[in-house]
Amino acid sequence: MTARTKMTQKQRTQTPLEQSSFLQHCLRYQNWYLLSLLILLAGSLFFQNYVLQKPLLSGEENYYHLAAARDMTWKTAYYFPLAIIEETQNGYLLASIPFLMAIATFLLAGNILPRLGFGPLQTFLFLFLLIFTPTFLKGATTLSSPLFFLFLLTLSFFFLLHHRRVVRYCAIFSSMIIAFIDQWSVLLTVVLFTIYTFRTQKREPQERRLIASCVLVLISTSAMTAVISDTPFILGPFHTPLLARDIISDFGGFSGISFFVFALGILGFILTWPQKTTYAGAYILLPLLIPAYLYNTETMFHFSIVFIFFATQAILYLNQRQWQLPTLQQFTLFLLFLGIFFSSLTYISRGGMDGPTADDVAVLTWMRDYLPKDALITSFPDDAETIRYFAQRNPFFANRDQDTEKENENDLILSAVYVHQLFPLLEKNGIGYVYISHAAAERLPRDQGLFFLFQNERFKMLHSAGKSEVWRFNTTQ
């Protein structure tokens, strides 16, 4: 058999991805290439905000945490590190926190995945999909509690898998901090530690005791924070939830996963079902994640990790399966990667639409300087946390309040068509001010509803910048 014949047979047994010399080069230096992609994609979101003269941090969750850090009490002393940075009022320094945390999470994941049994190609595909997932990109540019959870979780596994015994005990402290996020994060961590313990029977007794210690300390700390700090079950939501939009970013959401990853995740779930004992960890998490997402769409970040895992398995299956038309196989894989790439670019192009704008900040800052300290302000719920942080005043309703009565009344105020619908609600709740952000002004019609009712003599515009406005309502007339 000639050398040429042997080479031809070898090429036939190789998968389309294995035949790519470019991919083999990427696998060899995957940390450098993927890290560069992460910096480029996340950096483009920050650059977009900079060009639009917006705050570098966009999104309500940022301002929830910053307001909590500024108004820190002994019950929320865990915000002390953020409070020190917030006092500097340095936007670049604040923006560097999630950015560096995302990079650290990526590097930690790249270190622990091979130790958990992931092959080089599987690790590369998983991290590639993770970096191009909008929910992760949003976390990389937001003071995001889900990203903080993922960082602490990967850090804990990094310590647990370390070859030095002394370093392993650091996992107790890194996992303990998770208790200060919310109870949902604690539950997920306990489940993941349990799966990790029983997934492989060859655990050393000392390692089992260490994991048991991590779980015990975590649960004890969680009980303490629930009593002292009133940590919620799930932190948020910080935007008006819409189930379809929040799960698939292509539907116009500011988070979620691409349609291609969603479809690949479903396919991977079906394809791996015959091997469900091998992938038991992912299947065990689904009965927790699905109800949690229906309850609070902020859990999409955690849900997306499982989708990415199944999507990775689907790509590996499509790559390894022998097709009668290899060219069609290569073209299919190329289209999948191209679709994921363009889906991420579409999300990035919409990133500049997430508030607050420079005009919003100007109006909110004016409100801080001139409105009474006890002013109660109604607005769209998606603008509540920016009111709390920039204006330092109380919004009537925020999404995370989860107060059904207030939510209904706030919706009625914003959708009122006649004065006899609007005025009693404002008077009943003592609301003296209405804030209209740039995004809210884009949604409201100009010839009816609130903008039409603002022409009534009981309303007076106090300040405006661009499309952002604040109106005073005379409650005593």
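Predicted model: local features only at pLDDT ≥ 70, side-chain atom pairs only at ≥ 80, totals over all residues.

Me: In which sense do strand 1 and strand 3 pair, parallel or antiparallel?

Reply: Strand 1, residues 376-378, and strand 3, residues 433-436, are joined over two bridges, and the sense of their pairing is parallel.

Me: Which residue of strand 5 stands opposite tyrosine 433?

Reply: Strand 3 and strand 5 run antiparallel and are joined by four bridges, and one of the pairings across them sets tyrosine 435 against valine 470. For tyrosine 433, the residue standing opposite in strand 5 is arginine 472.

Me: How many bridges join strand 4 to strand 5?

Reply: Arginine 472 of strand 5 is also the bridge partner of lysine 460. Strand 4 and strand 5 form a hairpin with two residues between them, and glycine 466 in the turn has a positive phi of about 60°. These two strands run antiparallel, and the number of bridges that join them is six.

Me: Which strands are the edge strands of the sheet?

Reply: The open sheet is made of five strands with mixed pairing, and their order is 2-1-3-5-4. An edge strand here pairs on one side only, which holds for strand 2 (394-395) and strand 4 (459-465).

Me: Are the residues of strand 3 that point to either side buried or exposed?

Reply: Tyr433 and Tyr435 point one way from strand 3, whereas Val434 and Ile436 point the other way. Buried means a relative accessible area under 20%, and for these four residues the answer is that all are buried.

Me: Why is strand 5 described as largely enclosed by the rest of the structure?

Reply: Strand 5 covers residues 468-473 and is joined to strand 3 by four bridges and to strand 4 by six. It is largely enclosed by the rest of the structure because, of its six residues, the number buried is five.

Terms used: Residues numbered from 1 in each chain as written. Heavy atoms only, no water. Pairing = 2+ DSSP bridges. Buried < 20%, exposed > 50% of the residue type's maximum accessible area, 1.4 Å probe, protein only.
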